[in-house]
Amino acid sequence: MRDKPFAITLDPGSSLANHTGSWRTMKPVYLDRLPPCNAGCPAGENIQGWLFHAESGDYEQAWRVLTLDNPLPAIMGRVCYHPCEDVCNRGHLDSAVGINSVERFLGDEAIRHGWKFDEPAATSGKKVLVVGAGPSGLSAAYHLARLGHRVEIHEAGPLSGGMMRFGIPKYRLPRQVLDAEVARILDFGVTLKLDTRVTNIEDSMRSGNFDAAFLAVGAHIGKRAFIPAGDAARIMDAVSVLRSMEGEERPQLGRRVVVYGGGNTALDVARTARRLGATETIIVYRRTREKMPAHNTEVEEALQEGVMIKWLSTIIHAGEHDLTIEKMVLDEKGYPQPTGEFETMAADSLVLALGQDVDLSLLQNVAGLEIKDGMVQIDGNMMTGHPGIFAGGDMVPSERTVTMGVGHGKKAARHIDAWLRHRSYVPAAKHEPVTFDMLNPWYYSDAPKIMRPVLDAIRRQSGFEEVQGGLDENNALFEARRCLSCGNCFECDNCYGVCPDNSVIKLGHGKRFQINYDYCKGCGICVAECPCGAIKMVPEDA
Amino acid sequence: MPFQPVKFYQTGTFTVGNRLLKPEDRSVQSHRDRSNAINSGHRACQGCGEALGARYALDAAMEATKSQLIAANATGCLEVFTTPYPETSWQLPWMHSLFGNAAAVATGIAAALKVKGRNEIRVIAQGGDGGTTDIGLGCLSGMFERNDDVLYICYDNEAYMNTGVQRSSATPPAARTATTMPVGPNPGNPFGQGKFVPAIAMAHEIPYVATATVADLHDLEAKVKRAMEFRGARYIHIFVPCPLGWGTASHDTIRIARLAHETGLFPIFEAEHGLQVSALPIRKQLPVEEYLKPQKRFAHLFGAKPELEVIARIQARADRNIRKYGLVKQQETP
Ligand SMILES: Cc1ncc(C[n+]2csc(CCOP(=O)(O)OP(=O)(O)O)c2C)c(N)n1
Ligand code: SF4
Ligand SMILES: [Mg+2]
């Protein structure tokens with residue numbers, strides 16, 4: 001032992017010898033939580049995940065992460081009703097992140113730069129028939145191709161897109177955007193046969209040597225309600241009107257158009273009528289605005305364009321130039337009940353937008369396949385009662401939106417893949433959800449949402465120009481950076497900084513952090529100060 | 001103001017770091033090679049604000065001086081929890097003074113360095129509020145008055161924590177301590193005249209005076225670095241919650257410090273040569289109850305019959321700070 005100064009008996013030591021981790025009763029652990037946007041996306045997009053890349057300006061990587069789940073971002077960024085934004089945690093702070101507008105920006109960038117999908121997986125040697133080139137069919141085809149299968153789409157119509165072309169008006173979805181995103185899927189190796197109606201699914205599968213089929217023919221037969229009508233009354237259905245917009249001849253609706261119904265299609269057809277020169281477009285709906293199934297943004301935009309809505313009314317007779325309307329009241333259950341009060345209303349034509357039925361003719365005599373309420377029944381794996389035949393989109397019971405259809409296509413593709421490989425597809429366990437109270441919003445600076453430019457109402461009444469504009473790069477970047485990264489570490493270094501015991505190890509860019517449990521006393525400051533709720537305390541013995 | 005928040009970042013720069021910022025724009029604490037002036041294994045309580053504040057300040061000072069730094073440390077928690085013989089947590093030359101003479105010891109170190117011509121080596125004196133505002137005030141005032149080249153940092157946890165939470169002249173009115181029990185007609189610490197050492201330091205017109213809390217890291221680091229740009233006497237007063245003495249949850253240390261600022265009870269500002277030059281604005285002003293309620297030392301104010309009058313007097317102190325130091329930005333006319 002070395003000589004020591006007077007009264008000193010021990011060598012100088014380091015406090016590292018003192019493992020303060022033994023004080024702990026609770027310990028912090030890192031985790032990924034499920035952000036509400038991801039949980040709320042009908043197409044199962046990893047929204048927080050792709051925004052993360054957009055935040056750093058790496059739009060191509062963002063687009064690649066996005067298209068792992070949804071091959072149609074430029075379309076989504078226009079027609080999706082973005083349920084993700086309704087549940088976005090930033091809504092508690094100022095307003096939701098403009099997820100939909102960033103998605104559109106990424107989709108448009110991809111078209112502008114001609115980005116292609118990454119090469120698909122090794123080929124499986126299996127062949128899948130997809131019936132219908134709408135959102136659901138295209139999505140399934142894309143995902144099946146990703147998984148290495150050969151895919152052929154048989155489409156009865158003359159063009160691809162399904163309801164995206166024949167149901168959604170141009171002013172919401174310009175056709176060159178639709179064409180570009182479909183073309184990219186075809187470039188990816190998917191074969192599309194147009195004007196190819198499948199009349200009997202089993203025959204088609206046999207003759208083409210298909211190992212499995214995905215049915216996604218949609219629902220495009222407009223429902224007719226029985227309305228007593230004079231001989232000269234002009235009554236049409238909304239789907240036919242919207243479909244004929246894609247042909248040479250514009251539908252003849254006259255000056256005063258009445259649309260009957262309260263869904264998004266009613267709004268679309270009313271707004272189309274306005275653009276075709278109707279001086280008066282009135283929607284007649286039997287319930288109230290609160291009960292209307294149409295999306296609020298569509299209702300707002302329609303009202304701005306001069307569409308009028310007559311609430312609590314049913315049409316009981318249609319004449320040549322007028323309609324008879326009966327006023328309704330809502331009973332205590334919210335159902336409309338007749339009042340016996342009538343009025344007449346001038347109208348040159350009546351368009352019925354009362355929902356759509358599925359054309360089931362191709363499914364005649366398929367063994368095991370079950371049809372109920374005019375829709376094909378499927379199990380949790382999207383398979384019909386007939387092994388190897390799967391179905392999705394508007395022809396199965398579900399909410400009928402483009403995004404839902406894309407989600408069905410993805411889910412079906414995964415189950416078809418598993419079925420072809422004699423496996424079962426077990427989705428990864430979902431992370432626990434992250435709610436606003438798990439965040440520490442103090443760390444997020446104030447940043448109000450950027451609104452997309454909107455075409456002025458006058459131009460919207462006369463033409464089919466796109467109503468909603470896109471964001472430019474600066475705006476899109478700003479909007480992406482408003483994301484709070486709920487439940488997923490974005491490497492802000494807070495935990496590393498705020499630990500009074502230096503017991504957080506920073507592993508370096510992209511590698512996140514680790515707790516040094518030798519010294520962590522379990523104070524929990526890292527959990528309290530993590531802005532995004534990506535750390536939690538758990539009891540030491542658990 | 002030296003610290004300018006970067007606009008339009010995902011989270012501003014309120015977080016410790018941010019992958020989108022250039023490394024030089026990030027805080028000292030965000031770097032993997034920060035000095036960690038106080039090493040792991042120290043014996044401070046879970047969630048100690050003083051341990052955190054001292055590392056924040058010294059890491060910043062070490063970066064500013066390229067680690068050419070010596071510290072003199074008054075007796076108190078900071079000294080005791082870092083250096084139980086024979087262990088030490090300190091990663092810089094560090095000297096324990098007495099309870100009341102850290103300023104004088106630092107003055108001596110600075111004088112010796114001057115004699116030796118080692119001007120590049122800088123000196124810090126540090127201590128708790130007891131060692132600073134009470135027993136050490138004479139030495140501190142002398143250091144100010146002579147303008148000795150020392151940065152004095154006071155870690156204010158508003159009582160003598162190391163010896164068991166006795167009242168100091170920095171203990172706020174109404175707070176319970178071991179020596180100001182919540183009994184009798186005026187429970188807790190009496191409303192005195194107050195003794196705010198940053199103002200006393202400003203009265204000496206020394207080159208630099210600043211206040212900070214552990215809740216605003218970027219602001220704290222900017223102030224330490226700014227202080228190192230001056231020669232002569234400098235003073236930084238850092239607000240450091242003490243979970244043990246205040247009866248707060250160990251995970252709430254930073255939140256409590258944030259609330260002290262956002263309610264106006266602890267003003268954050270800087271002064272040069274006796275004049276205030278900046279104030280850190282309150283982002284979201286809150287009533288003092290938000291700050292008082294989570295602390296057991298104020299629990300007697302919120303009994304079956306809340307002490308509304310006492311709370312109102314505390315609110316008045318906060319309001320006065322907000323006016324005096326300009327803590328709330330004037331509303332811009334649109
Ligand atoms: C002259 C003298 N008197 C009393 C003490 C006992 N003592 C040691 S630390 C301390 C209180 C320290 O309080 P403060 O300076 O506020 O530091 P804290 O522990 O709160 O960080 C006291 C009274 C002493 N060491 N020397
Ligand atoms: S008593 Fe307070 S100041 Fe002292 S070590 Fe504990 S928390 Fe820190
Ligand atoms: Mg103290």
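Predicted model: local features only at pLDDT ≥ 70, side-chain atom pairs only at ≥ 80, totals over all residues.

Me: How is the pair of Tyr142(A) and Phe188(A) arranged?

Reply: Look at two values, the distance between centres and the angle between planes. For Tyr142(A) and Phe188(A) these are 5.6 Å and 35°, and the pair is tilted. Now find the partners along the chain. Tyr142(A) belongs to helix H7 (residues 135-146) of chain A. Phe188(A) is in the loop between helix H9 (175-187) and strand E5 (191-193) of chain A. They are 46 residues apart, so the pair links distant parts of the chain.

Me: Are Tyr142(A) and Phe188(A) buried or exposed?

Reply: Both Tyr142(A) and Phe188(A) are buried. Compare another pair, Trp442(A) and Tyr443(A), which is edge-to-face. Its centres are 5.2 Å apart, with 90° between the planes.

Me: Why do Trp442(A) and Tyr443(A) count as buried?

Reply: Buried means under 20% relative accessible area. Trp442(A) has 11%, so it is buried. Tyr443(A) has 4%, so it is buried too.

Me: Which residues form one aromatic cluster?

Reply: Look in chain B. The cluster holds Phe196(B), Phe239(B), Trp246(B), Phe266(B), Phe269(B) and Tyr325(B).

Me: Which charged end sits over the ring of Tyr496(A)?

Reply: That of Arg34(B), 3.9 Å from the ring centre. Here the charge comes from chain B and the ring from chain A. Within chain A, Arg184(A) lies over the face of Phe117(A), at 5.6 Å from the ring centre.

Me: Let me try a single residue. Where is Gln276(B) found?

Reply: In strand E10 (residues 275-279) of chain B. Gln276(B) has 32% relative accessibility, so it counts as partly exposed. Then check its polar partners. The side chain of Gln276(B) reaches the backbone oxygen of Ser278(B) at 3.2 Å. A polar atom of that side chain also lies 3.1 Å from the backbone oxygen of Tyr325(B).

Me: What is Gln276(B) in contact with, leaving aside neighbours within four places in sequence?

Reply: Its contacts are Met202(B), Phe269(B), Glu270(B), Ala271(B), Lys324(B) and Tyr325(B). Pro294(B) is 18 residues from Gln276(B) along the chain, and their C-alpha atoms are separated by 32 Å.

Me: Now a charged residue. Why does Glu109(A) count as buried?

Reply: Use the cut-off again. Glu109(A) has 10% relative accessibility, so it counts as buried. Glu109(A) is in helix H6 (residues 99-113) of chain A. Its side chain makes a polar contact of 2.9 Å with the side chain of Arg112(A). Not counting residues up to four places away in sequence, Glu109(A) touches Tyr59(A) and Trp115(A).

Me: Let me step back to a whole chain. How many helices and strands are in chain B?

Reply: Chain B has 11 helices and 10 strands. Its radius of gyration is 19 Å, close to the 20 Å from the globule rule for 334 residues, so chain B is as compact as a globular protein of that length. Its C-alpha atoms fill a box of roughly 65 × 50 × 40 Å along the principal axes.

Me: What share of chain B counts as buried?

Reply: Of its 334 residues, 59%. Turn next to contacts in chain B between residues at least 6 apart in sequence: 69% join residues at least 24 apart. Last, the surface. The accessible surface of chain B is about 13500 Å², and 54% of it belongs to carbon and sulfur atoms.

How values were computed: Residues numbered from 1 in each chain as written. Chains lettered and ligands numbered in written order. Heavy atoms only, no water. Helix = DSSP H or I, 4+ residues; strand = E, 2+ residues; numbered from the N terminus. Buried < 20%, exposed > 50% of the residue type's maximum accessible area, 1.4 Å probe, protein only. Contact = heavy atoms within 4.5 Å. Polar contact = N/O pair within 3.5 Å; in protein donor to acceptor, adjacent residues only side chain to side chain. Phe/Tyr/Trp six-rings, centres within 6.5 Å; stacked < 30°, edge-to-face > 60°. Lys NZ or Arg CZ within 6 Å of the ring centre and 35° of its normal. Rg over C-alpha atoms; globule rule 2.2 N^0.38 Å. Areas by Shrake-Rupley, 256 points an atom, 1.4 Å probe, with all protein chains shown as cover.
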